[in-house]
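I went through it place by place and wrote down what I looked up.

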Amino acid sequence: MLIALFPGDGIGPEIVAQAKRVLDALAIEGMTYEEGLVGGAAYKAAGHPLPPETLELAKRADAILFGAVGDPSCDSLERHLRPEQAILGLRKELGLFSNLRPAKVFPELAGESALKPEVAGAIDLLIVRETNGDVYFGEKGFRKTADGLREGYDIMSYNEAEVRRIAHSGFQAARARRGKLCSVDKANVLETSQLWRDVVIEVSADYPDVALSHMYVDNAAMQLVRDPGQFDVIVTGNLFGDILSDQASMCVGSIGMLASATLNGSGQGLYEPIHGSAPDIAGQGKANPLATVLSAAMMLRYSLGLNAEADRIEAAVAKALAGGARSPDLGGTMSTVEMGDAVLAALA
Ligand code: NAD
Ligand code: IPM
Ligand code: MN
């Protein structure tokens, strides 16, 4: 079992190091690691955010554990050289289209939520976000209007095959959970969303056991803070899923807590926290590594079939939190390494 480790930029190396310590503590037989350069770090060392050797390693690996990419010093590079192209390129090149972002409150963190504890306590949802299409990957550029004004454009589109496969991901996830799927779109305005909704309804015929509902994305953003307990699985497009998942993170306590898996249907997966490189706290030992630790658990479960080991990591995180482990984002003072120590102690 080969794990590709892509720490990336900012807090990426700090948080991936803690996840690696946790994996090491499990001493899983036959698990090997190779590290690769991504993001601004790769651009600075090799001239490209996703160098060919990195892509080759990613394709060869059974699973990828990814930190974060993004470096303010690269923000004025041409778009294809920016750090973010590393994660977009990996998703596209490996066909990683199904991004699972679970949000569940650890009971002892309900007080950290931006919501009232009793509202936060009811959250147990999964956002299934499409990550190979939408406005992210359409034609884009700059042009001049007839009046000579500068104009930027990004074309939003989904074809029916793209919607169908993510709809299946959503229905299957709902079937394995509480049997409720809410498809989030903007069909009242966007043709892309009308096609999305039509195809989701077609696919629903295969899942009579799943209760399907539809919600406009603006309402979904509101409902996520009003009554997040109503959601089981949310399936949505790339852009809406990006935004709603950051919002969901604060509903459960911190963006430093939300893990993700991005799957391509062949068992291979990329595992990463939903947050970014957090340049504002990078190098200060302030980053919460738990989203990355929990992403490693998802990796064991979804790509390596190691369910018992995944359960052990999740139980250790819960125990560490119950024992009072708190990084600054959770209202505490523990460093990134001390948070890792707490998980290791709970694992022992
Ligand atoms: P961000 O998620 O990096 O940070 C937002 C805020 O949350 C910051 O205040 C940060 O300090 C805090 N935060 C994030 N992760 C944390 C953690 N683990 N512990 C404690 N606090 C945490 O979002 P941003 O500031 O909008 O973006 C910074 C860079 O990251 C940008 O270059 C962006 O493109 C990139 N980014 C990358 C990914 C990815 O690699 N998948 C995801 C999101 C953003
Ligand atoms: C995420 C990030 C990425 C996205 C960026 C860095 C390209 O925000 O993984 O959520 O928008 O998908
Ligand atoms: Mn995001």
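**Ligand 2**

I began with Arg 129, where a polar side-chain atom lies 2.7 Å from an oxygen atom of ligand 2. I keep in mind throughout that this is a predicted model. Arg 101 also has a polar side-chain atom by this ligand, 3.0 Å from an oxygen atom of ligand 2. For Tyr 136, I noted 2.5 Å between an N or O atom in the side chain and an oxygen atom of ligand 2. I then looked up the cover: on its own, ligand 2 has 320 Å² of accessible area, and the protein covers 77% of this.

Next I listed the surroundings. The residues around ligand 2 are Glu 84, Ile 87, Leu 88, Arg 91, Arg 101, Arg 129, Tyr 136, Asp 242 and Ile 274.

**Ligand 1**

Which residues come nearest to ligand 1? There are 21 residues around it, and the nearest are Glu 84, Gly 276, Ala 278, Asp 280 and Asn 288. I noticed that Glu 84 is listed here and is also among the residues around ligand 2. Sorted by class, the shell of ligand 1 holds 10 nonpolar, six polar and five charged residues.

Asp 280 places a polar side-chain atom 2.8 Å from an oxygen atom of ligand 1. His 275 has a polar side-chain atom 3.1 Å from a nitrogen atom of ligand 1. With Val 69 the backbone is involved: one of its N or O atoms lies 2.9 Å from an oxygen atom of ligand 1. Ligand 1 taken alone exposes 800 Å², of which the protein buries 69%.

**The annotated domain**

I checked the record for an annotation. An unreviewed UniProt entry places the feature "domain: Isopropylmalate dehydrogenase-like" at residues 2-343. Over residues 2-343, I find 40% helix and 20% strand, with the end C-alpha atoms 23 Å apart.

I turned to helix α1, residues 12-26, which contains Gln 18. Is Gln 18 buried or exposed? Its relative accessible area is 5%, so Gln 18 is buried. Its side chain makes a polar contact of 2.7 Å with the side chain of Arg 21. Beyond its neighbours within four places in sequence, Gln 18 is in contact with Pro 289, Val 293, Thr 336, Val 337 and Gly 340.

Ala 27 sits in the loop between α1 and β2 (32-35). I marked this residue for its positive phi of about 45°, as it is not a glycine. Ala 27 counts as exposed because its relative accessibility is 61%.

**Asp 134**

I found another positive phi at Asp 134, near 75°, again in a residue other than glycine. Asp 134 is in the loop between β5 (124-130) and β6 (140-144). Why does Asp 134 count as buried? The reason is its relative accessible area of 5%, as buried means under 20%.

**Arg 197**

Arg 197 is part of helix α7, residues 191-204. With 17% relative accessibility, Arg 197 counts as buried. I noted a polar contact of 2.9 Å between the side chains of Arg 197 and Asp 185. Not counting residues up to four places away in sequence, Arg 197 touches Asp 185, Ala 187, His 214, Met 215 and Tyr 216.

**Gly 229**

I went on to the loop between α8 (217-226) and β10 (233-236), where Gly 229 is found. Its relative accessible area is 26%, so Gly 229 is partly exposed. Which residues does Gly 229 contact, leaving aside its neighbours within four places in sequence? I find Ala 122 and Arg 178. I also looked up Gly 229 against Lys 104: they are 125 residues apart along the chain, and their C-alpha atoms are separated by 9.9 Å.

**Arg 312**

My last entry is Arg 312, in helix α11, residues 307-322. Arg 312 is partly exposed, because its relative accessible area is 41%. From Arg 312 to Val 200 I noted 112 residues in sequence and 36 Å in space, C-alpha to C-alpha.

Technical notes
Residues numbered from 1 in each chain as written. Chains lettered and ligands numbered in written order. Predicted model: local features only at pLDDT ≥ 70, side-chain atom pairs only at ≥ 80, totals over all residues. Heavy atoms only, no water. Helix = DSSP H or I, 4+ residues; strand = E, 2+ residues; numbered from the N terminus. Buried < 20%, exposed > 50% of the residue type's maximum accessible area, 1.4 Å probe, protein only. Polar contact = N/O pair within 3.5 Å; in protein donor to acceptor, adjacent residues only side chain to side chain. Contact = heavy atoms within 4.5 Å. Near = heavy atom within 4 Å. Areas by Shrake-Rupley, 256 points an atom, 1.4 Å probe, with all protein chains shown as cover. Nonpolar A, V, L, I, M, F, W, Y, C, P; charged D, E, K, R; others polar. UniProt positions renumbered as here; feature names shortened; annotations may be inferred.
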